[in-house]
Amino acid sequence: MVGGQILSVMNLMWVIAVPLLAALATPLVGRVLGRAIGWWAVAASLVAAGLLVSLSGSVHSGNPPVWSVEWPAPDWGMRLALYADGWGWGFGLVVAGIGTLICIYAQHYLSDAEPRARFFMYLLLFESAMLGVVLSANLVGLVIFWELTSATSFLLIGFWHTQERARYGAYKALLITGLGGLALVAGVVLIYLAMGTTDIRELTARAGEVQAHPWFVPILVLVLLGVFTKSAQFPFHFWLPDAMTAPTPVSAFLHSATMVKAGVFLLGRIHPIFRGREEWFWIVSSVGMATMLLGAYGALRKTDLKALLAYSTISQLGLITLLYGFGTQLAALAATFHIFNHAAFKAGLFLTVGIVDHETGTRDKRVLKGLAKLMPITAVLCGVCALASAGVPLLNGFLSKELFYEEMVAHTGRGWWWWWWPAMAVGGSVLTFVYSLELFHGVFFGKLDPHLETDHGQSRGHGQPHDPGWGMLAPVAILAAICLKVGIWPGGIERYILDPAVAAVWGQPVDFTIKLWHGFTAPLILSILTAITGLVIYWQRHRLADVQTRLAWPFGANTIYDAALKGLVNGTGKLTDALQNGRLRSYLWLALAPVVVVLTLILGREGWSRIWPAQFSPLAPAEAVLLGLLIVATLAVVAVNQQRLTAVIVLGAVGALVSVFYLVLSAPDLALTQLLIEAITIILFLLVLWQLPKSVPALSTRGERFRDALLAVGFGVVMCLVVLAVAAANVPKPVADFYEAASLPRGGGRNIVNVILIDFRGFDTLGEITVLGIAALGALALMKLRRRKEDRR
Amino acid sequence: MTPVPYCSIFTALTPVLILVIGAFVALTLDIVRLRRSTMTVRNRTLGMVSILALLGAAVALTRQFGLPGPVTLLGQTLVVNHLTSLFNLVIVGLTILTIVISMEGDVGRHVGEYYATLLFGSIGMLLLVSTEELITIFVALELTSICLYILTAFHKGALRSQEAAVKYFMFGAISSAFLLFGLSYVYGITGTTNIREIAAQTTSSTLLSVGLLFTVVGFGFKVAVVPFHLWAPDAYEGAPTPVAAFIATGSKVASFFVLVKLLFIGFAGMQGTAFCYKFSSGWTMLLASTGAASMILGNVVAITQRNIKRLLAYSSIAHAGYVFIGFVAATEFGATSVLFYVIVYALTNLGAFGVLAALANRAGGDDMEHFAGMARRAPFLSVLMLIFFLSLAGIPPLGGFFGKFYLFAAAVQSESTKFGLLWLVILGIAMSAVSLYYYLIVLKHFYIIDGKDKSRIQTPVYLNTALAAVAVAVVLLGLFPEQVLALLKGLVAQL
């Protein structure tokens, strides 16, 4: 038994590893298999599904297998840990199962011109990441896999794109889900800080503690932002329709069972931790309700069948979200059941639309009519899936819709205004009914457009549209069969997948049975009402279209997104122009002004008395004259700076004055060095400036010059104060004392200046000499160059 | 003072000596033997000579791990311990990669000078890492900087390169002035140039605050944080791409490393606080404000860039801001997280610049438009670019994610009663979200947009291999971050 347990635990790891390894091997295997590489992906997905099935024993026994390694950062609660409770396991089964079907379909769908191996590689990578999301045992792992699904879906969606519109869509999808993902990361970080763990089971066990924590609301909001962006919930729903430009198998996989479902999956994951709080109910349910209505309404406005499906997905996800928000046992059951049902019929619908597109070359519902004559099998399969979506009895959608109504009605006892919920629910379902009929009846019945029958030009199939080969029909047929089977005889799936899944979402085992016939109850009446109203509206649908055109709201979330993006780009552009204008003058301002401010603050804190020296040494008249000359000369440099040569000469005068100053302060060596350096600098300057125009053009306006002068004065004053502060401070060990004491015993000389130059700073002096030498060499080289040039002339 | 055995001195100095010899060999070889050879031959030969010298230095550095203990020469002028040896190895590795990138590109007519200057610059960085003495810090920093100014101007024909070099030099000169002024004040107050002795004598005084401020400002210029960053975009764009890579990686690694030593050891007593509820003066406050400004401005302004090198310049400004979060934590773990991040950052950026350098010549430029449809023209390098950019954006499980994670964790942990530094962490996460936008725009050009030119781009195998090795390192840092962190932690504890 223990051995069996270990085996099943390892199987858990292999569920993710098999698609991953298969994906990595795809480029190599592709060389051997060639066109048939799709079957490699089919096999990998099948193995993953099979491994999950092999785990069913321990899942059903309520003893979920756990596999974990101390990696990558266990000290921080980050370890790769997988576990298969009913929820993750059931979801994983759907992912791997539909993944298998999609691979079969894609193998037949793709034309030979498309790079198959790479497509299937990305598809398997994505599948692996998605399985990682559903099987992760801690939130950190979940988030990492979550981001990986975003990244790999970017590869999948982006692979085909040649049109501007499609690129825009792929980018938008990644940006919105990526931003949401970061919000989720922040939420997980907060959870870790608050609770000290990210382990989902532990958090579930300590749900009360989480809910009582003062950070509950920020945590909830951040996590929900991740959920809502990923699952395209209002107001973030607008990215999904634009992401639909991917090839149909990709849309079918990403937008029926996986990518967007990751959001509601997480909602189910955190359901036992968060449910019950008022904030949870109001935020989740209201957002779900808004999304459901908006999505269904939007679906009717679309003429492209795939866009219609996109909006219908948004709407269905809204329904599921709405249910999870209620946080009751029945709602959890209804939502969970509907997730599985939706995955089946929506994948089927996507694949049918793919077939229609493949055969006729168009997805426009205004053109597509009466196709049942040409493609009867497709029509039947589409009918099953569409009617399941509409909620017609004997199909799976009906059962979950009944549960949905039951839950909505159950709350009406709390006051008359609670009827709002069932009313809206019926409204949403009616719209769903209408667009489902459009998909089935609209496309496959009515008068066949003769143009369609004969036009082979734009069709990707060969000749007249007809039912495709078994490879594309079989996956749809299997999905349709599941819809039927669950709808008529819900016993099997209930025990096998739904039971453990609902138990996991609710937090403890739930006792329920799903029956086709409940008797004449409120939900049934609402269902009948839905069907009748739906039929009437479908019959009068051209009027609905008129109303919709008149109601067309020009200002949607998309407009805001576009405007925000444009504003961001324009705004940052202006900021860049202002800051990074390429001029050193303004760079200096930006860099030095803050320094002046901080310096002022530091000095100001200290107080005047400690900066201003208590006493100054007396100033001899000669020194005063010298200082005055120095100031005048420096100002003159500024004044004449337009004339290059004059400015250099005046600058030389400043240097000479400084060296005289050194002389007065009895430092003849320093004075000498300074004089030499001045001389060489002037020579170098003159030699270089000879090549340049004589005067500097006026580059700045009067205002700019005033601004620059302000900075110069400010910086000068502050630096002056800093220097004064040295005189005021009691420097602990004046260095002069050291030289005075050490010059005789260590240097063996009585002239301290000499000893310093030759002994203590011998290397320094050597360095100075070297610098002077190199500078002189440079000057010499420049002069020689000039002479050679003149000789040539 | 215990005497240091000669063989230890030798082991400590060999890496630098080998590089000096290598630089002169490269110079001489170019003048004496390669005068008449073609550009490609000169470039390849001298590149190989430089790489040999660097490999020799690397071998010598690995020998330092066998030393019985830290070696200290001339009163902390040169301190060799395992941490410095490790970072010296990192710098040598970065220099090797820079040279590999250069060998493919256009480095102008003065090939010998180019490689010699590059090696001298790397010597400056090695010395910068292994010193604990203010004057040597300044000299080493100048050695590095002056080499980088010269290298920036190496596209002699291009006006942009000249302009970039002048701007870089002007700013560099100002920053050196600040740094020297600051260090001289520190010396004046404490009476020592030895970092550890400074720490022992630190008494808070206005002048020391001024010294600290000027030191931080000086380094602020070197690592390009707001508001001292303005040279970076112009320099990166104008400089030859390998040089931009070297400025963005090697010099940053060395500067951040020495800043860690200066602040965490030398100014340990003057950290102050930067909590949201209490600001008190000290270097954490300075770094928190400049870091926050860098994260905001770097990321926001990067959005509008069309030139990828410029974009990387702004992104590196933002990354310097993230690094400062680790400093502000002011704990041993904070220092460790800074060092971890710097390694990840340098590898990732060098990889990104490498891909740019490899493709830019054949793509016709380094604006985004030139890279449209690159995923089909150069699929291998595009995958590498994907890895580097996702790591820069901090997407798990790449190295960049854990780098940021440790920085943020250090900040949260350092004050975990009221989470005083949470404001910086939240800002960091929010700005990472912004950064995702522009990193993705680049990837969008590589992967989604179709370019006019669809011809395949062939790149030499050695270049692909080197860049792939960097990518593998970035992935491994993401896969085994804990091991690397533990290693760094152990070494930092000995510091």
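Where in chain B is the place of A224(B)?

A: A224(B) sits in the loop between α8 and α9 of chain B, where helices (H or I, at least four residues) and strands (E, at least two) are DSSP runs numbered from the N terminus. Before going further, some ground rules: this is a predicted model, with local features needing pLDDT of at least 70 and side-chain atom pairs counting only at pLDDT 80 or more, while totals for chains, interfaces and linings use all residues. Residues are numbered from 1 along each chain as its sequence is written, chains are lettered from A and ligands numbered from 1 in the order in which they are written, and side-chain values use heavy atoms, with hydrogens and water left out.

As background, most residues other than glycine have a negative phi, and most peptide bonds are trans.

Now hop over to chain A. A232(A) lies in the loop between α10 and α11 of that chain, and its phi is near 55°, a positive value for a non-glycine residue. A232(A) counts as buried because its relative accessibility is 0%. P235(A) is found in the loop between α10 (216-230) and α11 (239-242), and a cis peptide bond with omega of about 5° joins F234(A) to P235(A).

Going back to chain B, α8 covers residues 206-223 and includes S209(B). S209(B) is buried because its relative accessibility comes out at 12%. Contact, here, means heavy atoms within 4.5 Å. Skipping residues up to four places away in sequence, S209(B) touches I602(A), R605(A) and M270(B), which takes us over to the other chain.

What does the contact between the two chains look like? Chain A brings 61 residues to it and chain B 67. The buried area is about 5600 Å², with carbon and sulfur atoms giving 77%; that is the accessible area (1.4 Å probe) that two parts lose on being put together, summed over both. On the chain A side, W76(A), Y171(A) and Q580(A) lose the most area to chain B, together 13% of what that side buries. Elements giving two or more residues to that side include β1 (66-73), α7 (164-195) and α26 (584-606) of chain A. The largest share, 14 residues, comes from α26(A). The chain A side splits into 47 nonpolar, 9 polar and 5 charged residues, where Ala, Val, Leu, Ile, Met, Phe, Trp, Tyr, Cys and Pro count as nonpolar, Asp, Glu, Lys and Arg as charged, and the others, Gly among them, as polar.

As for specific pairings, the salt bridge count between the chains is 0, a salt bridge being a side-chain nitrogen of Lys or Arg within 4 Å of a carboxyl oxygen of Asp or Glu. The rule does find 2 residue pairs in polar contact across the interface, both at pLDDT 80 or more. A polar contact is a pair of N or O atoms within 3.5 Å; within protein, one must be able to donate a hydrogen and the other to accept it, and residues adjacent in sequence count only if both atoms are side-chain atoms.

T144(B) is in helix α5 (134-152) and counts as buried at 4% relative accessibility. Its contacts, leaving aside neighbours within four places in sequence, are G121(B), G124(B), M125(B) and S251(B). V323(B), in helix α13 (308-329), is buried at 2%. Beyond four places in sequence, V323(B) touches F256(B), V338(B), Y341(B), V342(B) and L407(B). With F256(B), the separation is 67 residues in sequence and 8.7 Å from C-alpha to C-alpha.

Definitions and conventions. Buried means under 20% relative accessible area, exposed over 50%, partly exposed in between (1.4 Å probe, protein chains only).
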